[in-house]
Amino acid sequence: MNIGLLGGTLESLLLAIELRKKKHQVFLFEIDAELGMPVHYPGRVIDLDGFENWFSEEQRKFLALQKNEQGWAFRMEWVMKFLAHQATAKGVRCFLRTRVVDTV
């Protein structure tokens, strides 16, 4: 199945990777010049278990995870770039600087 995703957000990158695992053709349309940029918000996660599925121990150390009362803070820009690389490496077709003005 052909699937189009709008915007290179954290959620769309994760979804794109999962859809490719199920052998779907995935097309991601991003208005900016790069996937995962610019980052307008800090990284925050409540439960670190999900990170173990995506990042090695060495990579988690690089993220400089910091515990706080709301969970864990991390380097969001690095996570976004890593996931963008993973998505493209798995065959997600990315179209940058693309503005979607209508759908069929």
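Mentor: A definition to start with: two strands pair if DSSP finds at least two bridges between them. Helices (H or I, at least four residues) and strands (E, at least two) are DSSP runs numbered from the N terminus. This is a predicted model, where local features need pLDDT of at least 70 and side-chain atom pairs count only at pLDDT 80 or more, while totals for chains, interfaces and linings use all residues. Residues are numbered from 1 along each chain as its sequence is written, and side-chain values use heavy atoms, leaving out hydrogens and water.

Trainee: β1 and β2 run parallel, but how many bridges join them?
Mentor: β2 covers residues 25-29. Two positions to look up are Asn2, which stands opposite Gln25, and Ile3, whose bridge partner is Val26. The number of bridges joining β1 to β2 is five.

Trainee: And on the β6 side, which residue is the bridge partner of phenylalanine 29?
Mentor: β2 and β6 also pair in the parallel sense, over three bridges. In β6, the partner of Phe29 is Phe95.

Trainee: Is isoleucine 3 buried or exposed?
Mentor: Ile3 lies in β1 and touches Leu19, His24, Gln25, Val26 and Phe27, not counting residues up to four places away in sequence; contact means heavy atoms within 4.5 Å. The cut-offs are under 20% relative accessible area for buried and over 50% for exposed, with partly exposed in between (1.4 Å probe, protein chains only). At 18% relative accessibility, Ile3 therefore counts as buried.

Trainee: What handedness does the β-α-β crossover from β1 to β2 have?
Mentor: With the strands pointing away from the viewer, a clockwise path from the first strand over the helix to the second is called right-handed. Here the chain goes from β1 through α1 to β2, and the crossover is right-handed.

Trainee: Which residues is serine 12 in contact with, leaving aside its neighbours within four places in sequence?
Mentor: Ser12 sits in helix α1. Its relative accessibility is 7%, so Ser12 counts as buried. With those sequence neighbours set aside, its contacts are Leu5, Gly7 and Leu28.

Trainee: Which residues make up the covered face of β2?
Mentor: The uncovered face has Gln25, Phe27 and Phe29. The covered one has Val26 and Leu28.

Trainee: How far apart are the end C-alpha atoms of α4?
Mentor: The expected span of a helix is 1.5 Å times one less than its number of residues. α4 has 14 residues, so it should span 20 Å; the end C-alpha atoms agree, at 20 Å.

Trainee: Which elements do the buried residues of α4 pack against?
Mentor: Those buried residues are Met76, Val79, Met80, Phe82, Leu83, Ala84 and Ala87. Val79, for one, is in contact with Leu10, Phe51, Phe55, Leu63 and Phe74, leaving aside neighbours within four places in sequence. The elements packed against are α1, β3 (43-45), α2 (49-54), α3 (57-62) and β5 (71-74).

Trainee: What is the phi of lysine 23?
Mentor: Lys23 is in the loop between α1 and β2. At 69% relative accessibility, Lys23 counts as exposed. Its phi is positive though the residue is not a glycine, near 70°.
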